[in-house]
Amino acid sequence: MWETLWLDARLATMTKGGTPYGAIEDGAIGVEGGRIAWVGRRADLPGRPDSLASEVRDCGNRWITPGLVDCHTHLVHGGDRAHEFELRLKGATYEEIARAGGGIRSTVSATRTASEAALYESASRRLADLQAEGVTTIEIKSGYGLDRDTEAKMLRVARRLDAELPVTVCTTFLGAHALPLEYEGRADAFIEFLCHDSLPSAAAEGLVDAVDAFCERIGFTVAQTRTMFEAARGLGLPVKLHAEQLSDQGGAVLAASFRALSADHLEHLSEAGVRAMAAAGTVAVLLPGAFYFIRETKLPPVDLLRREGVRIALATDCNPGTSPMTSILLVLNMAATLFRLTPEEALAGVTREGAAALGLGASHGTLEAGKAADFVLWNIARPAELSYRIGGNPAAIVVKEGEPLWSDVRS
């Protein structure tokens, strides 16, 4: 017998082909051992419900989607930059704030001085907001330490979140996020330090699932990024890239040449970059929160990505400087209103495509037999409501590996 059978549900399986959203009316999900054992129409169940499962749950005709995936975050960090936000609105430039010790360096300072316990506490609060809206899988980057010990500290916190809370966490080493003060004017030396010291040390501790870099005029060059990627490849680690956010540096083409899991931001992505990503199977991760927060005006080339068949994922980019966002549902609305994604594309972006951007497409992101039993029951009349509404949270029950995390359903 299955452990649990969920009945009287409308399923947005998010599988490709067939009905919009992969929808199944009057559907059912059987769960065993934290995995989906069976999914389909109730009429096709291989027996009476009470003969199939130890526990039968009535979903009340609610919609069920896969658990949501936030595939690009900087969730672990010290402090915040609300004061800088206020200064910018009063007319201060980013450069003026940075010269006064603000910007990313202020976050680096706060993160270096914070204890692991303090970082865990603040990150778990941010994570709780995302979990309440249905996030069951999340990526967490380092990148606010820029030294060996703090980068490892951030990644240990991410691993602890995975171990102690009901969430799947993928960790990403982002040592090449910015140039620390102690390496001012010596970017190549910093990259060498990352490749030969910080990254191998973190990898040896089992803290790294992937490697990322910020390839940009204010970040690192294509050549420096290539050096990071070669070091990652030498350690058997997949790569991702912050690419083409502020200018076209050719980062997406480089990422594709390493068969990167994803290239992220992409407002200034070229046609050559799109075609390279399509050929490599590299997922495009769009980050509407950052686009909104920095008041960017150049849209990512969504039509071109569609035409070339590049998979499009979405994420919060939760970070203290350019996207202090802990609402995955707001990401859906922003993607629809700012980037003109359809509601189905937006939902796919935080389920099926988000899982693909983390290399988890075989185990997460759709409602299919054999995949993780991560799913969300929603108080909605149709899936489009998830990207239509601004504010509020229609999640009724969030399920992780077959176990309800919380529920607002009254018995």
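Mentor: Before we start, a helix here is a DSSP run of H or I with at least four residues, a strand is an E run of at least two, and both are numbered from the N terminus. This is a predicted model, where local features need pLDDT of at least 70 and side-chain atom pairs count only at pLDDT 80 or more, while totals for chains, interfaces and linings use all residues. Residues are numbered from 1 along each chain as its sequence is written, and side-chain values use heavy atoms, leaving out hydrogens and water.

Trainee: Thanks! Where does Leu-254 sit?

Mentor: Leu-254 is in helix α9, residues 251-257.

Trainee: Is Leu-254 buried or exposed?

Mentor: Leu-254 counts as buried because its relative accessibility is 5%. Buried means under 20% relative accessible area, exposed means over 50%, and partly exposed lies in between, using a 1.4 Å probe and protein chains only.

Trainee: And which residues is Leu-254 in contact with?

Mentor: Setting aside neighbours within four places in sequence, Leu-254 is in contact with Val-222, Thr-225, Arg-226 and Phe-229. Contact means heavy atoms within 4.5 Å.

Trainee: New topic: how many residues does the largest nonpolar core have?

Mentor: The largest nonpolar core has 92 residues. Such a core is a set of buried Ala, Val, Leu, Ile, Met, Phe, Trp, Tyr and Cys residues joined through side-chain atoms within 4.5 Å. Leu-314 is one of the residues with the most contacts inside the largest core. Beyond four places away in sequence, Leu-314 touches residues including Val-69, Leu-286, Val-331 and Val-350. Another core lies apart from the largest one, with 16 residues, among them Ala-9 and Val-399.

Trainee: Now the helices! At what angle do α5 and α6 cross?

Mentor: The axes of α5 (residues 116-132) and α6 (residues 148-164) cross at roughly 55 degrees and come within 10 Å. Axes are lines fitted to C-alpha atoms, for helices over the stretch in contact, and angles run from 0 to 180 degrees between N-to-C directions. α5 and α6 are therefore oblique to each other. Angles under 35 degrees count as roughly parallel, over 145 as roughly antiparallel, 65 to 115 as roughly perpendicular, and the rest as oblique.

Trainee: Which residues meet there, in α5 and α6?

Mentor: From α5, those meeting α6 include Leu-119, Tyr-120 and Ala-123, and from α6 they include Val-157 and Leu-161. By class, the contact of α5 with α6 has seven nonpolar, one polar and five charged residues. Ala, Val, Leu, Ile, Met, Phe, Trp, Tyr, Cys and Pro count as nonpolar, Asp, Glu, Lys and Arg as charged, and the others, Gly among them, as polar.

Trainee: What about α7 and α8, how do their axes cross?

Mentor: The axes of α7 and α8 (residues 222-234) come within 10 Å and cross at roughly 10 degrees. That makes α7 roughly parallel to α8. Ile-191 and Leu-194 are among the α7 residues in this contact, and Met-228 is one of those in α8. By class, the contact has eight nonpolar, two polar and two charged residues.
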